[in-house]
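Here is a friendly walk through one protein model. Have the viewer open, and let us begin with a single side chain before widening the view.

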Amino acid sequence: SSSSSSSRRRRRRRHGARGKARSIMSGEAAAALSEGVQACVDAFKAGKPVMVFDSAFREGETDLLWAASSATAAAMRQLRRDCGGLLFLAIGDEVGERFGLPYLQDLHTHEALLEKYPVLKELQTNDLQYDSRSAFTLSMNHRETFTGITDKDRALTTRRFAELFSELVEDDASPKESLARLGKEFRTPGHIPICRESTGGLKKRRGHTELSVSIARLAGVAPVVIGAEMLQPDGDNALSVEDARAYAAKHGIPMVTGADLVEAHGLPRPTEEEERAAKKPKLAEATEEKAEATEA
């Protein structure tokens, strides 16, 4: 039947895209993977979740993550019930580039938009305490969803976004065709907020977006990852590392740190002193920008 033929084509495309991703990664991750990172890679390949703690000197948060191509309604329920933070879709820079997805921070500081919507000037992001830039881009819903918020709807949006990217890579689709096929299946705004990796990945920024897609690359799957921040039951603070590790052990989920992933990609493992120093300039820069904006 036509539907079975379509399914077979999609499977071939996904396998082809994975093969391309593996060939790219084979040269990037020269160092042998640690036991924890290898467990995360194996989990992503098997469609299972992983957990990542960024750093005590950054956001200090643990994320529960799935490869987006493996997203199911059950996974969405676990993210919603067990995490408490925002569900987000982390995408590689090449994904954002293919679809021309802008950073919201760039849109909100665009001169023409500032003139038309003065409120944007008042709401500028110039005081982030954990970084100098936000990774958020557009939010989306798949066009076959109803409201887009149910576990089933969010799973469809998440899974098809990853599958579409892999299909476009396999088809060597042009930018024009990529945009057309994206628009045919998705609309914005939606209930899946998307975060785009910085150009240069972990070499430039080590946020949850970059850390998340780095696991997907090591696993040879599409660099599209669904996740959520894990909060304390009362929601007042991030889940402690100790509690996060206990959750991981209870559910059999591999857990690693940002430093583990940085090292896995052949980059020098950051020391505690380097992580502390990396945060201080961002705080100072944010404070300075906020003061200048107030004076203006």
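The model is a predicted one, so please read every value below as computed from predicted coordinates. Is Ser134 buried or exposed? Its relative accessibility is 14%, and because buried means under 20%, Ser134 counts as buried. The side chain of Ser134 reaches the backbone nitrogen of Phe136 at a distance of 3.3 Å. Once neighbours within four places in sequence are set aside, Ser134 is in contact with Tyr103, Gln105 and Leu128.

Next, the aromatic rings. The structure holds two aromatic pairs. In one of them, the ring centres of Phe161 and Phe186 are 5.7 Å apart and the planes stand at 75°, so this pair is edge-to-face. Phe161 belongs to helix α8 and Phe186 to strand β5, so the pair ties together parts that lie 25 residues apart in sequence. Phe161 is buried, with a relative accessible area of 2%, and Phe186 is buried as well, at 4%.

| Residue | Relative accessible area |
|---|---|
| Ser134 | 14% |
| Phe161 | 2% |
| Phe186 | 4% |

Now for helix α9, which spans residues 175–185. Which of its residues are buried? They are Ser178, Leu182 and Glu185. These three cover an arc of only 75° around the axis, which puts them on the same side of α9. The face turned away from that buried side carries Lys176, Ala180 and Lys184, which are exposed. What do the buried residues of α9 pack against? Their partners are α4 (93–99), β4 (136–142), α8 (151–171) and β5 (186–196). Among these partners, α8 and β5 are the elements that hold Phe161 and Phe186.

Finally, a look at confidence. The protein averages a pLDDT of 85, and 79% of the residues score at least 70. Where does pLDDT stay under 50? One such stretch is residues 13–30, for which the model has 26 contacts beyond four places in sequence. Residues 280–287 are also below 50 in pLDDT, and this stretch has nine contacts in the model beyond near neighbours in sequence.

Key. Residues are numbered from 1 along each chain as its sequence is written. This is a predicted model: local features need pLDDT of at least 70, side-chain atom pairs count only at pLDDT 80 or more; totals for chains, interfaces and linings use all residues. Side-chain values use heavy atoms; hydrogens and water are left out. pLDDT is the predictor's confidence in each residue, from 0 to 100. Contact means heavy atoms within 4.5 Å. Buried means under 20% relative accessible area, exposed over 50%, partly exposed in between (1.4 Å probe, protein chains only). Helices (H or I, at least four residues) and strands (E, at least two) are DSSP runs, numbered from the N terminus. The arc is that of the directions from the helix axis to the C-beta atoms. A polar contact is a pair of N or O atoms within 3.5 Å; within protein, one must be able to donate a hydrogen and the other to accept it, and residues adjacent in sequence count only if both atoms are side-chain atoms. Rings of Phe, Tyr and Trp (its six-membered ring) pair if their centres lie within 6.5 Å; planes under 30 degrees apart count as stacked, over 60 as edge-to-face and the rest as tilted.
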